[in-house]
Amino acid sequence: MNSKFLGTGVALVTPFKTDLSIDHEALTKIVNFNIDNGTDYLVICGTTAESVTITKQEKQDIIETISKANNGRVPLVLGIGGSNTMQVIEEIKTTDLNGMDAILSVSPYYTKPTQEGIYQHFKAISEVSPVPVILYNVPGRTSKNMEPETTLRLANDFDNIIGIKEACNNVAQYLKLLKDKPEDFLIISGDDDLALGVVLAGGAGVISVIGQAFPEDFSKMIRLGLEGHAKEAYKLHFKLMDVIGYIFEENNPAGIKAVFEALNLCQDTVRLPLVPASKGLKAKIVDYVNQY
């Protein structure tokens, strides 16, 4: 099993200044905060990073900032995905993936391909990627579920497809994958609220949103889960439960950025079409952080 990706990965935000430019200083601070507090690996330019609103040049700058701050301390995963298979392949071919331990590639969104279309999309990606590929299924965003049969077919057919970030929010689907997966294939939770249960059932860990704000407790919870210490792990889960609900109440990453603002790690600025968390939600988040 690829032990690089056991435990807690976090889908890093992209902090913005009030003029909407990238706040590289805050990004460096968030990277160090996570590594110093137990996060096992970092995911760059995933959905939480507002990747669809970031330019090609900005993406390169973000990779550079995170790589420099990380300085080889933890594995790095780069988000490269989309609905245009040819464009995704082109990006993989033209991106310097030195220093990247894997790519995370989301299932095509908006176009709603069949399961065969999803399979062929990832087959094409697998064939050109020089680094391992982690699939990403998030039907709430793509409007098309990647069925367990498709995931398992890809897992069995391609050695460099090493795992899936599964964010189906469906316990039965997680269990089907855990039951039937090849031994070395990683089932990584993409649902913060279900992550501990997935780990206790045999999952490899999580790629988390909330984990980057409370890395010490969240990564400890996942570690305890991997060791089978359910009772102690659930104590931490219950401590984090309310804030996990809050950050997804309106939209991601407005919620997590409101948490970061309360922690003085970055501003809560997001790019349109997202808007910052409402006053009511911010008040709940600030209250939670103050009592934490």
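Residues are numbered from 1 along each chain as its sequence is written. In this predicted model local features need pLDDT of at least 70 and side-chain atom pairs count only at pLDDT 80 or more, while totals for chains, interfaces and linings use all residues; side-chain values use heavy atoms, with hydrogens and water left out.

In soluble globular proteins, nonpolar side chains tend to be buried together. Here the largest nonpolar core holds 78 residues, of which L42, I44, I66, I210, F214 and V259 touch the most other members. (A nonpolar core is a set of buried Ala, Val, Leu, Ile, Met, Phe, Trp, Tyr and Cys residues joined through side-chain atoms within 4.5 Å; buried means under 20% relative accessible area, with a 1.4 Å probe and protein chains only.) Helix 10 (residues 230-247) supplies the largest share of this core, seven residues. Helices are DSSP runs of H or I with at least four residues, strands are runs of E with at least two, and both are numbered from the N terminus. Apart from this core lies another, of 17 residues, including V43, I134, V138 and A167. Not counting residues up to four places away in sequence, I66 touches L12, L27, V31, L42, I44 and L76, where contact means heavy atoms within 4.5 Å.

Helix 11 (residues 254-262) is largely enclosed by the rest of the structure, because seven of its nine residues are buried. The buried residues are A254, G255, I256, K257, A258, V259 and F260. Their cover includes helix 1 (24-36), helix 10 and helix 12 (279-291). After helix 11 comes N264, with a positive phi near 60°.

E50 is buried, with a relative accessible area of 3%. Leaving aside neighbours within four places in sequence, E50 contacts T14, F16, P253, K257, T269, V270, R271 and L274.

Finally, the axes of helix 4 (residues 115-128) and helix 6 (residues 148-157) come within 10 Å and cross at roughly 30°. That makes helix 4 roughly parallel to helix 6 (angles under 35 degrees, taken from 0 to 180 degrees between N-to-C directions of lines fitted to C-alpha atoms over the stretch in contact). Helix 4 contributes Q115, E116, I118, Y119, F122 and K123 to the contact, and helix 6 contributes T150, R153, L154 and D157.

Conventions:
Parallel < 35°, antiparallel > 145°, perpendicular 65-115°, else oblique. Buried < 20%, exposed > 50% of the residue type's maximum accessible area, 1.4 Å probe, protein only.
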